[in-house]
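Reader: I would like to understand how the labels used for a structure are reached. Could you take me through them step by step?

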Amino acid sequence: MQRKFIVLGLACAAAVVLAGCSGEKDPKLLNVKSNGTGPDEFAILPSKPLTLPEDYASLPEPTPGGTNRTDVSPFDDAIVALGGNPDAGGGSPGLISYATRYGVSPSIRSELAKEDLQYRRDNDGRVLERLFNVNVYFKAYAAQSLDQYGELERLRALGVRTVSAPPEPIE
């Protein structure tokens, strides 16, 4: 009887050790799974508000599968928000010069990908967290998260006008 418990204990220990061996696969800090029984709430995009054109003759003719004036265009909206012109072809020269004012590293994407992979490997969670697929994302990035209410108070103390924010949650 005692031998069965020893064998069972060794089998469990071996399973835990093998679960901790991650090999070369990419670590997943954020384990988000969909059960597939409902709609995808991220597929729903808010459209721009409807507006009346200055002249109805200037409206383009509707085309099947085409775009309309209320379609979301986040890339163009971001360019406009940063002071650029989305119709500038290869990019707005003013926006590009402002964005690259401190220099450009041609290998920035590969450098960041390499550093991010190493960071995720270093913060992949403990053996049992990996075994039971526990979400360790918020713990891994806690040191890099912004204290939003502290920043709001700092900006208000400097006299920066800020939008209203919900009150800080009571813990």
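Reader: Why is Glu-153 called partly exposed?

Author: Happy to start there, with the reminder that this is a predicted model. The relative accessible area of Glu-153 is 48%. Partly exposed covers values between the 20% limit for buried and the 50% limit for exposed, so Glu-153, at 48%, is partly exposed.

Reader: What makes Arg-156 and Glu-153 a salt bridge?

Author: Their side chains meet at 3.9 Å, N to O. The rule asks for a side-chain nitrogen of Lys or Arg within 4 Å of a carboxyl oxygen of Asp or Glu, so a distance of 3.9 Å qualifies. Arg-156 and Glu-153 are three residues apart in helix 7, about one helical turn. Arg-156 is partly exposed, with a relative accessible area of 39%. Leaving aside neighbours within four places in sequence, Arg-156 is also in contact with Thr-162, Val-163, Ser-164 and Ala-165.

Reader: How many salt bridges are there by this rule?

Author: The count comes to four. One of them joins Arg-154 and Glu-151, at 2.6 Å from N to O. Both residues lie in helix 7, three residues apart. Arg-154 has 42% relative accessibility and Glu-151 has 25%, and each counts as partly exposed. Another salt bridge links Arg-120 and Asp-116 at 3.0 Å, N to O. Arg-120 and Asp-116 are four residues apart in helix 4, about one helical turn.

Reader: Why is the pair of Tyr-119 and Tyr-141 called tilted?

Author: A pair of aromatic rings is described by the distance of the centres and the angle of the planes. For Tyr-119 and Tyr-141, the centres are 5.1 Å apart and the planes stand at 35°.

Reader: Which parts does the pair of Tyr-119 and Tyr-141 tie together?

Author: Tyr-119 lies in helix 4 (residues 108-122), and Tyr-141 in the loop between helix 6 (137-140) and helix 7 (148-157), so the pair ties together parts that are 22 residues apart in sequence.

Reader: Is Tyr-141 buried or exposed?

Author: Tyr-141 has a relative accessible area of 17%. Buried means under 20%, so Tyr-141 is buried. Tyr-119, at 24% relative accessibility, counts as partly exposed.

Reader: What makes the pair of Tyr-137 and Phe-138 edge-to-face?

Author: The planes of Tyr-137 and Phe-138 are at 90°, with 5.3 Å centre to centre. Phe-138, at 61% relative accessibility, counts as exposed, while Tyr-137 is partly exposed at 31%. Tyr-119, Tyr-137, Phe-138 and Tyr-141 form one aromatic cluster.

Reader: How do you know that the charged end of Arg-101 sits over the ring of Tyr-98?

Author: That charged end is 3.9 Å from the centre of the Tyr-98 ring. The distance limit is 6 Å, alongside a limit on the angle to the ring normal, so 3.9 Å meets the distance part of the rule.

Reader: And what is the secondary structure of the protein chain?

Author: The protein chain has seven helices and zero strands. Of its 171 residues, 11% count as buried.

Key
Residues numbered from 1 in each chain as written. Predicted model: local features only at pLDDT ≥ 70, side-chain atom pairs only at ≥ 80, totals over all residues. Heavy atoms only, no water. Helix = DSSP H or I, 4+ residues; strand = E, 2+ residues; numbered from the N terminus. Buried < 20%, exposed > 50% of the residue type's maximum accessible area, 1.4 Å probe, protein only. Phe/Tyr/Trp six-rings, centres within 6.5 Å; stacked < 30°, edge-to-face > 60°. Lys NZ or Arg CZ within 6 Å of the ring centre and 35° of its normal. Contact = heavy atoms within 4.5 Å.
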